[in-house]
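Colleague: Could we go through this model together, term by term? I would like to hear what stands behind each word before I use it myself.

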Amino acid sequence: MADASIGLWTVPLAVFGGAIRVSTPFLFVSLGECITERSGRINLGLEGTLVMGAMSAYGISYLSGSPWLGVLAAGLTGAMLGALHAGICSLPRVNDIAVGIALMLFGTGLAFFLGKPLIEPTAPRLPAIDFGWWSNIPQLKAALRINVLFLFGVALAPVLYWAFRTTRWGLLIRTAGESSDAARAMGHSVLLIRLRATMVGGFLAGIGGSFLSLFYPGSWNEGLSSGQGITAVALVIFARWDPMLCLWASLAFGGAAALGPALQSVGVTFGYHLFNAAPYFLTLAIMIITCSPKRTLTGAPAELSITR
Amino acid sequence: MTSEVADSVEAAAAAPTGFLGRHGATIEYILIPGAALAGALVVFGIFVALFGKNPLDLYFYMYQGAFGTWFSWQNTLTRAAPLILTALCTALPAQLGMVIIGGEGALLIGALSATSMALAMPSAPPLAVQFAMAAAGMTGGGLWIMLSGGLRQYRGVNETISSLLLVYVALAILNHLVEGPMRDPASLNKPSTREIGAANMIGSIPGTEVHWGLVFGVIAAIACYVLIYHTTFGFAARVAGGNIRAAKIVGLSVGNLILTICFLAGSCAGLAGMVEVAAVQGRTNANLAAGYGFTGILVAFLARQNPLAVIPVAILIGGIGASGGLLQRRLGLPDASVLVLQGIIFVFVLASDALYGRIGFLKGKP
Amino acid sequence: MDFSSISRRRLLQGSAALTLGTALGTRGATAADTTIGFIYVGSRDDYGYNQAHAAGAAALKKMAGLKVVEEEKVPETDAVEKTMESMINLDGATLLFPTSFGYYNPHVQKIAGKYPKVHFEHCGGLWTDKDPKNAGSYFGYIDEAQYIAGIVAGHTTKSGKLGFVAAKPIPQVLRNINAFTLGAKLANPKTTTQVIFTGDWSMPVKEAEATNSLIDQGIDVLTCHVDGPKTMVENAARRGAFVCGYHVNQSPLAPKAYLTGAEWNWEALYPKFIKMLAAGQSIPNFYRGGLQEEIVKVSPYGPAVSDAARRHADEVKARFMATGLTIFKGPLVDNKGKTVIAAGTERGQKDPELEKMDYLVEGVLGAAA
């Protein structure tokens, strides 16, 4: 146990630790949404996917005893919800934003409905890898107990960045997002590309949910997400559909979420509600500074309904 | 029992379609949403049957809880009142092609502004206070959404995201004020502002227990409908919503359109906040963040962004909410069943959009 | 449950069924007519505040002649008014338990005025003479259990620093923080309690972050006052800190780290209410009590609690049980140096001043507003 306090160093350390602990769901949802939106469709339903993923991961982990099976189940649940979104959106004249809101309700409701008996039991959690072995500061050691999902997410960002630029699949997704006519002219089914992109997006969002219930905060309850999924969707637009920027944005958001409690722990007690809203103030401020009315959002897929 | 529910809803949905059906597709506008609703109810029935509940009981209790008695009707209408106003906060900007999902924030700011106004004029006659509260609520909510509109127009910030972020900002401001500078020391375990006073409460529609918010909502919805479909301003907004470039070419000031529409949208949600204070809570506290703003988004999309259709849809969603308690108590279903049902209905109604103009026997119609 | 003997239970229930009808003003006096409604603000499976009440409701369900209807996640808006009316009109409920503080003013007051024959028992409210006579408010002095948990925590901490994850700076919460701290100071006068407010009743990520921040400050025993303590208990135990639970017994979540906890005992109180009504008595409109009245209880001690701590805590508990004990007595100084209770003044548990608490006592690090 820690005997020594590290005083004001708590704040930067908490922001650093928070960036690692809190960012992972944002990272997975935003990377997933990045793939979906690059294909020309927006899925606002990832909030529901995240919650559903968290619930199913916890349930499967509890029933099977294997948290990794839980992660897989969360991913598959997410992919199914993604398929549902893509399926409905492929009907003519159906608004993808509205379908997203519908699935947000449906996913959240279903997760709450099925998750009632899972609040009290304790399910096996995902393990942490100890990266702080070299340090003798217990606080730093604790901050560096990292889950492999976080590392996976961090690695996924540059892989996606690369894949969008250079692989055939990346090009196809971007073509579908920039001009469905062009994709069709190349002999590809735009609907099929978007279906796959939305399913992959849902898969990743589901895994983001499994992190919430199986690692941090590490149990299932109905307040678990409190809007993280929808915020992560917002992060994608904020990050200009760039996976690397999604990574930085998620880390910043996670760090900002840790700011409020950390400031209180060192005695800054004024206006804690305002500090707790720091991530939202921050995002808004950065968007106001970096956006410009003179050009459309750089990097925005031309087919995306939200930017048209 | 199914048909009973579906019938009543079809009847409800029929009300605005007379206006909608100017092009002769009236039947389509009744039949398709009605069928979608019936389909959703069937799917939900199967869903609860999986958990060992009798779907017929389900339909019966839903009908009874929402529309079965005068008490149920009042329950439904009370719940519908704030939803009409918050739905307009999404439906109006949708005419311009904007997706605003921050009605909850405007509601909270509207409530705060209205309460502050009432507290600032302690000795004024009630009617003056009520008018001032409504004006303050509408201005506060209007400016809040106008902020999103302005950010989009002058900084190119996406309005969907900014309006959502502003919900959290509004909630933080509200919590900060009611727990700090505006806190009534006597509010103890529920930090609140001081009360606006019983005399200043707006009360219920005579003969009912439904508060005046319902009337405000209906008037606002009709006014918005007239504005959008029967004025030059509304025509300009729809032109701009269809094609911004075309609107600019014909010399429309898109910036002014955006700001005005966003202000009007926000003032609807702000009025909902004022009504929650002046008809229900009597003061501002965290209870106001009850999710009316978010449910309003659902209502707006289900109404296909038509301000008049918002009224029956809000009543339908209010009815589902009203029947939710009975489903818990009689059938032992968890509270989340209401969310599941809303999600299923929403999915069905959206998917049914694909059917318009494709039903064989209606095709011959002009 | 004290209803262990079947014959005794039958007897009581028989009389309950017969007299409840008239006592509660129902039309018929048959057993099936007594319907009791419970309204929860959150999910009744939250492993915390609402679950504690649901356990109380479950105790009533076991009594013959009573029908219990429940509705969860009812917001503190006019929705709760409609829920109460719906329970009265459609279910024939004659006794209602709206269990969230925010239901009381204006909602319970309004509906109680409208239905004078229905009885309302509200948890946590401050009933005054001006309120309807058919409404009452009850609450438990759970600060007594927190005081004892504080003693145990004070004995267990090595760093002398305790942590408290709290939702909002309201009197009920502040009273718990203060009682916990005063208890800890009995064990070791130098103990401090660092408090972090998360801002709302259920914010799992914030609660986990607060827990981590507190532990980073060198804090080694934590407790909380939020709706669902599971997040704090599990995360603190993972970091190797000890925990005191709240609302219900959370020891299965962290068997080694769990020291003790402050629990509600609604499953003892609610049947007591029914028996009072059955015996033709009325429940006092302002009903309060602590350990002695069996409204709150202390979780069984965990394995990490030392013998000295057990003895000290048991001794104080015995004094609460026997004669009652005054936690808040002068001279008491708040953490800004101001005297909040003058020397010689004793604020007994039933003192209404305590329900207006707006300070944190000396030794608490944090701000009340």
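Modeller: Let us begin with contact, since the chains meet through it: two residues are in contact if their C-beta atoms, placed from the backbone, lie within 7 Å. Please keep in mind throughout that this is a predicted model. By that cut-off, 35 residues of chain B are in contact with 39 residues of chain A.

Colleague: Which elements of chain B give two or more residues to the side that touches chain A?

Modeller: They are α6 (126–155), α7, α12 (292–302) and α14 (337–351) of chain B. If the residues on that side of chain B are divided by class, 23 are nonpolar, 10 are polar and 2 are charged.

Colleague: What makes chain B as compact as a globular protein of its length?

Modeller: Chain B holds 14 helices and 0 strands. The radius of gyration of chain B is 21 Å, and the globule rule gives 21 Å for 366 residues, so the two values are close and chain B is as compact as a globular protein of that length. Along its principal axes, the C-alpha trace of chain B spans about 60 × 60 × 35 Å. Buried residues account for 61% of the 366 residues in chain B, and among its contacts between residues at least 6 apart in sequence, 76% join residues at least 24 apart.

Colleague: Why is B:Leu188 counted as buried?

Modeller: A residue is called buried if 20 or more other C-beta atoms lie within 10 Å of its own. B:Leu188 has 20 such neighbours, and therefore it counts as buried. This residue sits in the loop between α7 (159–179) and α8 (213–230) of chain B, and its phi is near 45°, a positive value in a residue other than glycine.

Colleague: Is C:Tyr47 buried or exposed, and how do you know?

Modeller: C:Tyr47 is buried, because 25 other C-beta atoms lie within 10 Å, where the cut-off is 20 or more. C:Tyr47 belongs to the loop between β1 (35–39) and α2 (49–61) of chain C, and its phi is positive, at about 60°, although the residue is not a glycine.

Colleague: What makes β1(C) largely enclosed by the rest of the structure?

Modeller: It is described that way because 5 of the 5 residues of β1(C) are buried. C:Thr35, C:Gly37 and C:Ile39 point one way from the strand, whereas C:Ile36 and C:Phe38 point the other way, and all are buried.

Colleague: How do you know that β1(C) pairs with β2(C)?

Modeller: Two strands pair if at least two bridges are found between them. There are 5 bridges from β1(C) to strand β2 (residues 67–71) of chain C, and the two run parallel. Within this pairing, C:Ile36 has C:Val68 as its bridge partner. On the same test, β1(C) also pairs with strand β3 (residues 93–98) of chain C, in the parallel sense and over 5 bridges, with C:Ile36 standing opposite C:Leu95. Furthermore, β1(C), α2(C) and β2(C) make a right-handed β-α-β unit.

Colleague: Where does chain C have cis peptide bonds?

Modeller: One runs from C:Asn105 to C:Pro106, with omega near 10°, and C:Pro106 lies in helix α4 (residues 104–114) of chain C. Another joins C:Gly330 and C:Pro331, with omega about -5°, and C:Pro331 is in the loop between β13 (328–329) and β14 (332–333) of chain C.

Colleague: How many residues of domain 1 of chain C are in contact with domain 2 of chain C?

Modeller: The domain assignment gives domain 1 (3–140) and domain 2 (143–263 + 296–315), and 8 residues of domain 1 are in contact with 8 residues of domain 2. On the domain 1 side, α2(C) gives the most, with 3 residues.

Terms used: Residues are numbered from 1 along each chain as its sequence is written. Chains are lettered from A and ligands numbered from 1 in the order in which they are written. This is a predicted model: local features need pLDDT of at least 70, side-chain atom pairs count only at pLDDT 80 or more; totals for chains, interfaces and linings use all residues. Helices (H or I, at least four residues) and strands (E, at least two) are DSSP runs, numbered from the N terminus. A residue is buried if 20 or more other C-beta atoms lie within 10 Å of its own, exposed if 12 or fewer, and partly exposed in between; C-beta atoms are placed from the backbone. A crossover is right-handed if, with the strands pointing away from the viewer, the path from the first strand over the helix to the second runs clockwise. Ala, Val, Leu, Ile, Met, Phe, Trp, Tyr, Cys and Pro count as nonpolar, Asp, Glu, Lys and Arg as charged, and the others, Gly among them, as polar. The radius of gyration is taken over C-alpha atoms; the globule rule is 2.2 Å times the number of residues to the power 0.38. Domain bounds come from an automatic or database domain assignment.
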